[in-house]
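Hi,

Here is the structure we talked about. Please open it alongside these notes.

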Amino acid sequence: MLKKRQITPKTIILDVLRLTRGNFCQSAKLISVGELFDFKASTIRVALTRLLTTGKIEADGSGGYRMSSNTDLLSDYIEQWRLGDLRRGEWQTDGWLMVLLPSNPDRAIRTLSQTTLQFFGFRKARNKVWVRPNNLLPSLIDLRALYQLVGLEKEALLFKADDIPYPEQFIWESTLWHTEDLQFTYEQQLMKLAKSKARLDELKVNNALRESFMIGGETINLLVRDPLLPDEMFCTPKREELRHAMCDYDACGHKIWTRFMGDSIVFNIYQDEKNK
């Protein structure tokens, strides 16, 4: 099962700036969002400083912040949740992506690598080898760059394989991905999304802002972390149903957040995506 998404000053800042990438958002706006979740202004400022130090965001010198160009690749990947199944290509049933991790790593580096691989739908097969179906549209070069940006150690080997013995493939397909749990998670999130959408208009503004941020963020997190398994391994219309429901929910949340953010450019990316 996927871990519950935590709301932190860091996630608040990155979630808002991700939607304003290419434009600056004033710190006062970010602080206002943070205060909705009971984070003090000083706490948000500390988080901004740390994100600046790590190069994940950049400042304009007058209190404005935006995502760093170094994080565009990951931001683009996250925003692709809207594409749903279009993120997948056809799968040749003997085609796999494999990652071989090097020996004797630093423990923190190895933990980050494993977390990264899990995020992108890989599962550990045996020894230091991680696998997933080779059904993703980006090239191997682009995938390698994305994985390393998120945290895969540079010494790791990412390659394609299509000569795996069938018994081994069968074990991978039937045991490595808990598809029944994933199906249940889709269904639960669909119900949560529907209930929230039905009551947003009845909530006070601040409560509606908090709820739309939390429920919307949970749903996007689920769609982004989906392993995008091929239909031959896991065929469910629930993933697409959830995506469509999230697009509708986002339209409702957009109206609420636009009023809250005033003339801020927040959510322009959402509008651009819908107009494509």
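**Helix packing and aromatic pairs**

H8 passes H10 in a left-handed crossing. Keep in mind that this is a predicted model. H8 covers residues 179-199 and H10 covers residues 238-261. Their axes lie 10 Å apart, at an angle of about 25°. That is under 35 degrees, so H8 counts as roughly parallel to H10.

The H8 side of the contact includes Tyr186, Leu190 and Leu193. Among the H10 residues they meet as a group are Leu242, Ala245 and Met246. By type, the contact has eight nonpolar, three polar and six charged residues.

Threonine 185 also sits in H8. Its relative accessibility is 16%, so threonine 185 counts as buried. Its C-alpha atom is 33 Å from that of threonine 43, which is 142 residues away along the chain.

Now the aromatics. The whole structure holds 12 aromatic pairs. One of them joins phenylalanine 37 and phenylalanine 213. This pair is tilted, with 5.2 Å between centres and 55° between planes. The two residues are 176 apart in the chain: phenylalanine 37 is in the loop between H2 and H3, and phenylalanine 213 is in H9. Phenylalanine 37 is buried at 12% relative accessibility, and phenylalanine 213 is buried at 11%.

Tyrosine 166 and phenylalanine 170 form another tilted pair, 6.2 Å centre to centre with 40° between the planes. Tyrosine 166 is exposed at 57%. Phenylalanine 170 is partly exposed at 46%.

Lastly, Tyr77, Phe119, Phe120, Phe122 and Tyr147 make up one aromatic cluster.

Best wishes

Methods. Residues numbered from 1 in each chain as written. Predicted model: local features only at pLDDT ≥ 70, side-chain atom pairs only at ≥ 80, totals over all residues. Heavy atoms only, no water. Axes fitted to C-alpha atoms, helices over the stretch in contact; angles between N-to-C directions. Helix = DSSP H or I, 4+ residues; strand = E, 2+ residues; numbered from the N terminus. Parallel < 35°, antiparallel > 145°, perpendicular 65-115°, else oblique. Left-handed = near helix turned anticlockwise from the far one by under 90°. Contact = heavy atoms within 4.5 Å. Nonpolar A, V, L, I, M, F, W, Y, C, P; charged D, E, K, R; others polar. Buried < 20%, exposed > 50% of the residue type's maximum accessible area, 1.4 Å probe, protein only. Phe/Tyr/Trp six-rings, centres within 6.5 Å; stacked < 30°, edge-to-face > 60°.
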